[in-house]
Amino acid sequence: MIARTALILDRRGSAAAEMALVIPLLLAIMLGSMEIGNYFYNQHTLVKSVRDAARFAARQRMVNYTTCTGPVTAVEADTKTVARKGHLDSTANDLLPNWDSATFAVTMSCKPNLTDTTSGNSLVLGGIYANATGGAPSVVVSASLTYRPLLSGAFGFSGSGIALNATQQAAVMGL
């Protein structure tokens, strides 16, 4: 009886038993934090690359923007390269994985002459937009691609249904 009581009161292995119970939870929190951080990093990278691509497209020559609606095929290839690689070097590495599966578009719209609501006078566009038929052109760059997780395939997590999306608009300056 004394040996059994001594065994019940013995606390030498309790820390190891508690650690064995807590380790799965700690691993899940740690790996989940890494995955969430990677997702936000990839989303930020996509937003930045689309923003840079829109700026690039907006600074192309005005003759590339002849119509006010639809795709802009004259600058689309270079704009996509800037969004994908970060610059015009097509041999460089992609900024994000899975870019081959991306949906990418460069479109254009125009803002016509406006009417001042207080005076009723028409505000005529001037400067670089003075001769722009249909109004001031702006370019819209958008991209969408599938997120590739760090733990791809681990623990049954594929991430195949998670998409990264970004859209940016910039006024065409034709510099």
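The buried residues of helix α3 are covered by elements that include α2, β2 and β5. In this predicted model, the buried set of α3 consists of V75, T79, T81, V82, A83 and K85. The helix itself has 13 residues, and the distance from its first C-alpha to its last is 19 Å, close to the 18 Å expected at 1.5 Å a residue. After α3 comes G86, whose phi is positive, near 95°.

The largest nonpolar core holds 28 residues, and those that touch the most other members are L46, Y65, W99, F104, V139, V141 and L145. At least two residues each are supplied to this core by α2, α3 (73-85), β2 (103-111), β5 (136-146) and β6 (163-171). Helix α2 gives the largest share, seven residues. For L46, setting aside neighbours within four places in sequence, the contacts are L96, W99, A143, L145, L164, N165 and A166.

The side chain of Q43 reaches the backbone oxygen of N165 at 2.8 Å. Is Q43 buried or exposed? Its relative accessibility is 18%, so Q43 counts as buried, the limit being under 20%.

Helix α2 also carries a charged pair. The side chains of D52 and K48 form a salt bridge, with 3.1 Å from N to O. D52 and K48 are four residues apart in helix α2, and therefore about one helical turn separates them.

The whole structure contains five salt bridges. Which residues are linked in a network of salt bridges? The network is made of R84, K85, D94 and D100. Within it, D94 pairs with R84, and their closest N and O atoms are 2.9 Å apart. Because D94 lies in the loop between α3 and β2 while R84 lies in helix α3, this pair ties together parts that are ten residues apart in sequence. D94 is partly exposed, at 29% relative accessibility.

R84 forms a salt bridge with D100 as well, where the closest N and O atoms are 2.4 Å apart. D100 is in the loop between α3 and β2 and R84 is in helix α3, so this pair ties together parts that are 16 residues apart in sequence. With 67% relative accessibility, D100 counts as exposed. K85, another member of the network, is among the buried residues of α3.

G126 is found in the loop between β4 (122-123) and β5. Its relative accessible area is 41%, so G126 is partly exposed. G126 and A136 are ten residues apart along the chain, and their C-alpha atoms are separated by 9.4 Å.

How values were computed
Residues numbered from 1 in each chain as written. Predicted model: local features only at pLDDT ≥ 70, side-chain atom pairs only at ≥ 80, totals over all residues. Heavy atoms only, no water. Buried < 20%, exposed > 50% of the residue type's maximum accessible area, 1.4 Å probe, protein only. Polar contact = N/O pair within 3.5 Å; in protein donor to acceptor, adjacent residues only side chain to side chain. Core = buried A, V, L, I, M, F, W, Y, C linked by side-chain atoms within 4.5 Å. Contact = heavy atoms within 4.5 Å. Salt bridge = Lys/Arg side-chain N within 4 Å of Asp/Glu carboxyl O. Expected span 1.5 Å × (residues − 1).
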